[in-house]
Amino acid sequence: MIFPAHQFAELFPLIEGEEFLAFAEDIRANGVRDPIVLLGGAILDGRNRANALAHLAETGEVLGEGWGHRAGEPLSSDHLEDDYPWFRKFNRDVDGDPLAWVLSKNLKRRHLDESQRSMVAAKLADMGIGRPSSKKAFEPAPDHIPPIGGISAQAAAIMLNVGARSVERARSVLRDGAEDLKHAVEQGAVAVSTAEAISSLPKDEQAAIVAKGEKEILAAAKDIRARQRQVRFAEVNEKLARISEGNRDVDTSRRFPILYLDPASRFKSGFGDRSIENHYPTMEWPEIMALPIPQLATDVALMLCWSTVPQLANTLEAIKHWGFEYVSEWCWDKVDHGTGYWGFSQHEILLIAKRGAFPAPIPGTQPRSLYREKKTGHSAKPAWFAEQIERIWPDLPKVELFARETRPGWSTWGNQSESQAKEPEANVVEAQSGFDAMGSSRHVAGRTATTTSENLDVTGRRDAHPISDDIIDLPDFLRLGDEGPTFTKGEAA
């Protein structure tokens, strides 16, 4: 081929073997119906046509009737220059963006399976478009078109209509796979999920497996996955044994008006990388509901409890069991969707419930009910939600259950919080302003309260407050008397 391939053209695999010979015969008989498009001295579209012309020039085959006045003549290497009518230059004013143009041309014209499209998306995401190394394909062009901005793997997946996980598999194959393995996926002979498993082997072993054919490839991938699951199982068990040592009981000797929790409920989806148990220990719902939440909360309190869609009914039942009344919810849009039976799950719900006459936020201070942020670690929640709690109720003591890490000014309980990794120690924090019965802010200077980093222990003793109401400076509507909380005149209990 006289002209090199443009980097955008190389996103797509060439046709080979019998398919290519049939294509070249069609070109010989009927001519080049669509011109070969050049950009910057490289072929942007039409590599297979150019290869077919080079093949015909090499074999000297006589051209058919579709070539008009050239019928009956052979092609020569001179016919592979860009001044012949079967070549044209890319015109951005007419053709638009070169990448979008190439994708549209190939995706509409060629029948690529999901694995092949995933390889295209992975190449696109790894191309480094916009970095200096990508300019070389444009430098020879007199009609220079600057590189476009970088493309994320997620954007590439959307453009090629494949899943983000398939793109990640393809990236692993491109990074670790032997050339024969990558070529097999690009030609549609091997699924990208199978190739990902094979790519974990040394490259000489990969090539040997690919050479044996489809049956051997599938058998090898199955064996590799089985061994990987065994290793993963051992790793998970070790992790669970390690982090479960941090589990301690809930200490109810101090009570809180704000409870924030993300129950580690068990969802029986089987063992594998998607299993919750691979990331942290979980509890059955009867175990969760048995936690002394009622004893941990003041008689007038607010609970903010996370729930996934499949666990919504269980979470609402637990909230009611603990003596709280559902009042509202905030929703987290994770941007990227996950799995799901009735719909691909893309959101989680923070249920808001109250016990007693806990007041709603002051009008104008409440956040919008929908917050959008990409998910990070497994089950990790955006800090934004805890920040809203701090912003709306800055002066009320707060506790987070099932905490993954500590937050300044909060008490925590959970086997993944940083407090679990060290011996308990006292931290003195300055008490902040409180709310009176009408919800207005009032500041009390010079008060201090002691909180500890140790996990809470299940004693259930209401009369063993290490910190008195006066020290915490609870607002009047949350103060405990002999008969329970007191209320201002006219306020419903």
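**Figure 1. Overview of the predicted chain.** This is a predicted model, in which local features need pLDDT of at least 70 and side-chain atom pairs count only at pLDDT 80 or more, while totals for chains, interfaces and linings use all residues. Residues are numbered from 1 along each chain as its sequence is written, and side-chain values use heavy atoms, with hydrogens and water left out. The chain holds 16 helices and 16 strands; these are DSSP runs numbered from the N terminus, with helices (H or I) of at least four residues and strands (E) of at least two. Of the contacts in the chain with a separation of 6 or more, 69% join residues 24 or more positions apart; contact means heavy atoms within 4.5 Å.

**Figure 2. Packing of helix H1 (residues 17-30) with helix H2 (residues 47-59).** The axes are 9 Å apart and the angle is about 75 degrees. Axes are lines fitted to C-alpha atoms, for helices over the stretch in contact, and angles run from 0 to 180 degrees between N-to-C directions. H1 is therefore roughly perpendicular to H2 (under 35 degrees is roughly parallel, over 145 roughly antiparallel, 65 to 115 roughly perpendicular, the rest oblique). H1 contributes Phe20, Leu21, Phe23, Ala24, Ile27 and Arg28, and H2 contributes Asn48, Arg49, Asn51, Ala52, Leu53, His55 and Leu56.

**Figure 3. The open sheet of seven strands.** The order is E8-E6-E7-E5-E4-E9-E10, with mixed pairing; two strands pair if DSSP finds at least two bridges between them. Strand E8 (370-372) and strand E10 (410-413) each have a single partner strand, so one side of each lacks a neighbour in the sheet. Neighbouring strands are turned by 20 degrees against each other on average, direction ignored. Helix H15 (residues 383-392) packs on this sheet, touching strands that include E4 (256-261), E6 (325-333) and E9 (398-401). The direction of H15 makes about 135 degrees with that of E6.

**Figure 4. Pairing of strand E5 (residues 297-307) with strand E7 (residues 347-355).** Seven bridges join E5 and E7 in the antiparallel sense. Tryptophan 306 has leucine 350 of E7 as its bridge partner.

**Figure 5. Cysteine 305 and cysteine 331.** Cysteine 305 is buried at a relative accessible area of 1%. Cysteine 331, with 18% relative accessibility, also counts as buried. With a disulfide taken as a pair of cysteine sulfur atoms within 2.5 Å, the count is zero.

How values were computed: Buried means under 20% relative accessible area, exposed over 50%, partly exposed in between (1.4 Å probe, protein chains only).
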